[in-house]
Amino acid sequence: MRTSKYLLATLRDSPKSCSVISHKLMLRAGLVRCISSGLYVWLPTGLRVLKKIENIIREEMCKIGALEILMPIVQPADLWEKSGRLIKYGKELLYFRNRNNKGFVLGPTHEELVSKVFSKDIISHNRFPLIVYQIHTKYRDEARPRSGVIRAREFLMKDGYSFHINKESLQKTYNEMHEAYINIFNRIGLKFCVVQANPGKIGGMLSHEFQAYSETGEDTIALPIEFNNNFSNLKLSSCIKFTSIPFKEIFINETIRLVEDSSISSLEELISKFNLSVNSIVKTVLLQISTRYVKSPNSFLGIVIRANSKISDKKIKMILERYGYVLLSYVNVEEIYKLTGAQPNFLGPINLSVPLIIDYNAAVLDNFIAGSDVSGKYFFNMNWNKDILLPIIKDLCEESDVNFHNGGKSMPIMQNCTEIGHIFQLGQKYSNFIYDTVKKSSKNNISIEMGCYGIGITRIVAVLIEQNYDKNGILWPTIIAPFKLVIIPINMHSSVEVKKVAESVYEKLLQMPIIGMDILIDDRQEYLGTIFTDMELIGIPHMLVISDKGLTKGEVEYRDRKSKNVRKVKLNMLVDFLNKEIFYL
């Protein structure tokens with residue numbers, strides 16, 4: 001590609017309204033242009049990056065037998081009404097009527113539609129399992145679009161769906177999709193982690209998020225100083241919290257069980273009788289609180305901490321003040337019994353009908369023990385987001401000694417992240433669209449199990465930029481860079497030799513299988529400083545500089561955009577150098 005025939009659309013300065021680095025660089029580098037709040041046009045440079053990400057996704061989906069389809073973004077509203085999500089989804093769902101007064105929605109996701117489509121075609125259980133996916137536009141009417149394409153109204157998404165006749169088949173595909181997602185994000189060059197998540201509006205039994213490290217991310221991940229692949233998604237701006245459990249362990253967590261022993265009257269007796277570690281037990285404390293500014297009846301708040309931790313009154317008061325509350329007192333034994341019918345040491349989070357806040361060190365536990373709110377009974381093998389949703393997480397204790405499964409005791413490192421992928425086990429939530437069709441074609445009653453798998457493609461571009469940039473512009477990983485290599489001929493319009501060599505090199509490199517059409521030659525009549533500024537801003541990872549000075553020695557200059565390394569390469573060795581040392585053919 002020649003720059004003289006290409007739309008670079010670079011900007012010297014960032015628009016003043018931009019505050020997020022990825023948004024600034026995407027506009028300056030000519031990747032996108034905003035046409036309305038949350039709506040973007042993808043220009044040629046940005047679209048080249050999107051297409052390369054799409055191709056990686058397609059390759060990995062093909063490996064696990066997923067079939068690509070394409071569904072309309074406009075969906076009949078009655079499908080959403082049947083699933084119960086027409087109202088439940090909220091104002092993000094854009095609803096409208098056509099000329100015949102029939103209701104439609106712009107699809108934010110496609111569970112209902114894909115279920116309806118395959119209810120007509122899946123006529124035998126011999127067709128199972130079936131995995132389909134699409135790469136298509138989604139629309140969510142965000143109240144406050146922000147951060148460029150990270151939180152846009154219209155975006156490109158890969159959404160996949162699987163259909164199964166039993167849970168074992170669903171589990172197998174779920175695991176395969178998880179591994180495929182890891183391969184995708186590794187190939188793209190993202191720094192990311194996986195956390196167990198709440199299914200949210202999509203619904204279902206189990207889900208995991210893929211979170212990429214992002215300076216301006218809306219989620220917060222807590223991780224130990226010594227990384228061991230365990231994280232807790234705190235999402236501090238929301239009351240829905242996620243805990244992370246290593247993916248391969250989530251399916252071997254023990255089942256929760258109720259243990260009854262009326263002879264136990266203290267924590268020490270519980271530990272002694274069952275030979276437990278105090279680190280595996282959580283305790284719940286009730287507080288009486290009141291609003292600071294409005295006269296109202298006093299209310300209660302539950303605090304969940306690890307059994308060997310000590311609550312910090314100072315931290316509790318600061319947290320309450322932030323939300324307009326004051327601490328009145330800790331609830332005494334008599335009041336606890338009156339409220340719950342249980343002794344204090346049998347308090348637990350599952351059956352407690354008061355708001356809860358959990359300490360960091362309790363949030364990272366799995367297979368833990370807690371009271372049942374019934375005297376003489378404890379829950380063993382409890383897990384957050386499996387047996388109870390993880391509540392709001394805060395630093396509540398005198399000394400935060402978070403135990404991250406590896407015996408290490410340290411405060412978690414807080415890392416901002418952006419969700420880039422989400423996988424769900426939907427179970428039978430949407431199978432009412434399919435069940436009758438399959439039942440008619442089979443002698444046995446079959447319950448259809450579904451899985452759902454999404455990747456936010458457009459926001460991946462923004463997150464990649466946040467992970468890869470310097471003062472001069474973007475530092476794309478080679479695999480998804482808009483162009484892999486740029487040829488910069490100095491003064492080619494006044495030097496016959498430079499132009500001749502540059503054109504010859506360009507034609508030769510076009511034949512290289514790895515680079516192919518990913519070569520750009522800057523043949524503009526522009527100032528040299530402008531040319532280098534544009535190429536560094538766009539983020540082309542490899543540069544070849546051809547000049548009269550170098551050609552007198554039979555050399556061209558190779559520059560690595562990221563490392564800044566400069567090497568002189570003999571012209572007759574150039575193709576071999578690029579093949580073996582740069583693109584590893």
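Reply: The side chains of Glu111 and Arg85 come together in a salt bridge, with 2.9 Å from N to O. The pair joins distant parts of the chain, since Glu111 belongs to helix 5 (residues 111–121) and Arg85 to helix 4 (residues 85–88), 26 residues apart. Glu111 is buried, its relative accessible area being 0%, and Arg85 likewise counts as buried, at 1% relative accessibility. The model is a predicted one, and the distances and accessibilities given here should be read with that in mind.

A second salt bridge is made by the side chains of Glu581 and Arg567, at 2.8 Å from N to O. Glu581 lies in helix 16 (residues 574–582) and Arg567 in strand 29 (residues 566–570), so this contact ties together parts of the chain that are 14 residues apart in sequence. Here Glu581 is partly exposed, with a relative accessible area of 39%, and Arg567 is partly exposed as well, at 38% relative accessibility.

Because Arg58 and Glu54 are four residues apart in helix 2 (residues 44–63), about one helical turn separates them. Arg58 counts as partly exposed, with 26% relative accessibility, whereas Glu54 is buried, with a relative accessible area of 5%; the cut-off for calling a residue buried is under 20%.

Salt bridges can also be linked to one another, and a network of them connects Arg48, Lys52, Lys484 and Asp518. Over the whole structure, the search finds 28 salt bridges. Side chains of opposite charge can pair when their charged atoms come close.

Turning to the strands, strand 27 (residues 542–546) has five of its five residues buried, so this strand is largely enclosed by the rest of the structure. Both of its faces are covered, with His542, Leu544 and Ile546 buried on one side and Met543 and Val545 buried on the other. Strand 27 pairs with strand 25 (residues 485–489) in the parallel sense, over five bridges, and within that pairing Ile487 has Leu544 of strand 27 as its bridge partner. Strand 27 also pairs with strand 28 (residues 555–560), this time in the antiparallel sense and over four bridges; there Val545 stands opposite Glu557 of strand 28.

Elsewhere, three strands form an open sheet in the order 13-19-18, with antiparallel pairing. Its edge strands are strand 13 (257–260) and strand 18 (366–371), each of which pairs on one side only. From one strand to the next, the twist averages 25°. Strand 18 and strand 19 (residues 377–383) are paired in the antiparallel sense over four bridges, and Asp366 has Asn383 in strand 19 as its bridge partner. Strands of a sheet pair through backbone hydrogen bonds, either parallel or antiparallel.

Notes
Residues numbered from 1 in each chain as written. Predicted model: local features only at pLDDT ≥ 70, side-chain atom pairs only at ≥ 80, totals over all residues. Heavy atoms only, no water. Pairing = 2+ DSSP bridges. Helix = DSSP H or I, 4+ residues; strand = E, 2+ residues; numbered from the N terminus. Axes fitted to C-alpha atoms, helices over the stretch in contact; angles between N-to-C directions. Buried < 20%, exposed > 50% of the residue type's maximum accessible area, 1.4 Å probe, protein only. Salt bridge = Lys/Arg side-chain N within 4 Å of Asp/Glu carboxyl O.
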